[in-house]
Structures are given as structure tokens and as C-alpha cells.
Amino acid sequence: VGAILLLLAITWGWQNVGSSYVIRSMVRGEPIFMWSDYFYAIKRNLKQGLIMGLLDFAIIGVLAFDIMYFTGLSGSFTNDLMYFCTIGIAIVYFFMRFYLYIMLITFDLSIYKLLKNALIFVILGIKRNIMGALGIILLAGINLLLAIIFVPTGSIIPIILPAFYLLSCASFISAYAAYPNIQKYMIDPVATTAEASDGVDS
């Protein structure tokens with residue numbers, strides 16, 4: 001188990017980098033060459049993808065552990081406060097992850113700036129973030145409902161099928177929600193400034 005977790009931690013960032021590159025192309029409506037684009041993005045962001053992935057994996061692990069830990073403690077004001085604070089941080093980081101890897105593959109930013117900008121986008125893109133979260137919750141809820149209905153009949157299809165599409169669909173929903181915000185606040189202002197500079201130079 002330890003070896004599997006170590007392998008997952010090492011490759012976590014690269015997996016997210018590759019898939020984010022492909023999904024960003026889908027959101028943009030650009031041509032996609034699945035495998036070549038996937039590995040191109042990993043090769044291009046090898047070092048930063050590894051560092052971001054290890055940090056991301058560690059944060060998710062710590063938050064999951066803290067939530068389970070405080071859930072198991074007897075009720076007291078301090079424990080309840082820590083529990084709800086941890087839940088709040090987890091929700092904020094859930095939204096931050098909409099943006100982290102898309103910004104990583106789109107801009108040349110430090111890890112600190114990626115985290116800082118992602119935190120800012122939690123507020124700036126609140127409407128699209130909430131709609132994206134609702135879409136993911138709805139998708140997960142439909143799968144859960146199908147499992148509740150069909151598993152008692154002996155069918156395991158509702159358990160097996162989500163492994164092939166649930167995570168990828170959730171990633172697409174989050175990217176579809178996040179990329180227009182990145183376009184609006186980070187890409188368009190730079191493009192406008194560049195066009196203005198070209199106009200002055202000419």
C-alpha cells in the first residue's frame with residue numbers, strides 16, 4: 001500500500017497536468033490529439049508538475065485526515081470549531097483546484113503565485129464556481145442514485161461504470177467553469193495591452 005501511495009503521489013501532478021491540458025483544449029474548442037497532447041504537457045511541465053502534484057496530494061491528504069479525525073472526536077466547542085474550520089478550508093481548496101493546473105499549463109507562474117491566484121479566483125469566480133460544484137454534485141448524486149436502485153438487484157454496472165467517466169466528467173465541469181474566469185481576468189487583459197502596444201508602435 002505504501003508503494004502504491006508513493007507512486008500515486010509522484011505521478012499525481014503529472015496526471016493532472018496532462019489531463020488539464022487536454023480538457024482545456026476541449027473547453028477552447030481546439031483540435032485534440034489525446035495521447036500526444038497529454039504527454040506533451042507533462043514533458044513541458046515536468047518539474048513544476050511534480051512539485052505542484054506533491055503539494056496538492058499532501059494538502060488533500062492532510063485535509064481528509066483532519067476531517068476524519070475531528071469527526072471521530074466527542075463533541076465539544078473546540079472540536080466542533082476545528083471540524084467546521086477544516087470543512088471550510090476543504091471547500092475553499094476544492095474551488096482552488098478548479099484553477100491550479102489550468103493556470104500551471106497556461107502561464108509561467110511560481111507555485112506561490114499559482115496558489116495565490118487560485119485563492120483569489122475562489123472569490124472572483126464565485127458564481128461559476130458554485131455552478132460547477134453543483135454540476136459535479138449532481139453528477140455524483142445521479143451515480144449514487146443509480147447504485148442505490150440497481151445494486152440491490154445484483155447489478156454492479158453502476159459501481160464499475162463511474163470509474164470510466166466520473167472523474168473525467170467532473171474535471172471537464174470544473175474546467176468549463178474556471179477557464180472563462182481565467183480568460184477574463186488573466187488572458188484578455190494581457191492581449192488587450194499587447195494590442196494597444198502594437199498600435200502605439202505602429
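View 1. From the N terminus on, the elements run α-α-α-α-α-α-α-α. That is eight helices and zero strands. Helices (H or I, at least four residues) and strands (E, at least two) are DSSP runs, numbered from the N terminus. The model is predicted: local features need pLDDT of at least 70, side-chain atom pairs count only at pLDDT 80 or more, and totals for chains, interfaces and linings use all residues. Residues are numbered from 1 along each chain as its sequence is written, and side-chain values use heavy atoms, with hydrogens and water left out. Along its principal axes, the C-alpha trace spans about 70 × 45 × 35 Å. Of the 202 residues in the chain, 31% are buried. Buried means under 20% relative accessible area, exposed means over 50%, and partly exposed lies in between (1.4 Å probe, protein chains only). Among contacts with a separation of 6 or more, 71% are between residues 24 or more positions apart. Contact means heavy atoms within 4.5 Å.

**View 2. Helix α1 packs on helix α2.** Two packed helices are described by the angle between their axes and the distance between the axes. Helix α1 covers residues 2–28 and helix α2 residues 34–44; they pack at about 130°, with axes 8 Å apart. Axes are lines fitted to C-alpha atoms, for helices over the stretch in contact, and angles run from 0 to 180 degrees between N-to-C directions. The angle makes α1 oblique to α2. Angles under 35 degrees count as roughly parallel, over 145 as roughly antiparallel, 65 to 115 as roughly perpendicular and the rest as oblique. The crossing of α1 and α2 is right-handed. A crossing is right-handed if the near helix is turned clockwise from the far one by less than a right angle, and left-handed if anticlockwise. On α1 the contact uses W14, Q15, V17, G18, S19, Y21 and V22; on α2 it uses M34, D37, Y38, Y40, A41 and I42. By class, the α1 contact with α2 has nine nonpolar, three polar and one charged residues. Ala, Val, Leu, Ile, Met, Phe, Trp, Tyr, Cys and Pro count as nonpolar, Asp, Glu, Lys and Arg as charged, and the others, Gly among them, as polar.

**View 3. Helix α3 meets helix α4.** The axes of α3 and α4 come within 10 Å and cross at roughly 160°. The two helices are therefore roughly antiparallel to each other. α3 passes α4 in a left-handed crossing. Residues of α3 in the contact include Q48, M52, I59, L63 and F70; those of α4 include M82, Y83, Y93, L100 and L104. The contact of α3 with α4 divides into 15 nonpolar, six polar and three charged residues.

**View 4. Helix α3 also packs on helix α5.** Helix α3 (residues 46–72) and α5 pack at about 55°, with their axes 11 Å apart. They are therefore oblique to each other. This crossing is right-handed. Q48, I51, M52 and L55 of α3 contact I111, L114 and L115 of α5. The residues of this contact are six nonpolar, one polar and no charged.

**View 5. Q48 sits in helix α3**. Q48 is buried, with a relative accessible area of 19%. Not counting residues up to four places away in sequence, Q48 touches L104, L109, S110, I111 and L114.

**View 6. Aromatic rings pair up.** The structure holds 14 aromatic pairs. Rings of Phe, Tyr and Trp (its six-membered ring) pair if their centres lie within 6.5 Å; planes under 30 degrees apart count as stacked, over 60 as edge-to-face and the rest as tilted. The rings of F94 and F98 have centres 5.3 Å apart and planes at 70°, so the pair is edge-to-face. F94 and F98 are four residues apart in helix α4 (residues 77–106), separated by about one helical turn. F94 is partly exposed, at 35% relative accessible area, whereas F98 is buried, at 4%. The rings of Y99 and F121 have centres 4.8 Å apart and planes at 5°, so this pair is stacked. It links distant parts of the chain: Y99 lies in α4 and F121 in helix α5 (residues 111–124), 22 residues apart. Both Y99 and F121 are buried. Elsewhere, ring pairs link W35, Y38 and F39 into a cluster.

**View 7. I149 lies in helix α6 (residues 126–150)**. I149 is partly exposed, with a relative accessible area of 45%. I149 and K47 are 102 residues apart in sequence and 45 Å apart in space, C-alpha to C-alpha.
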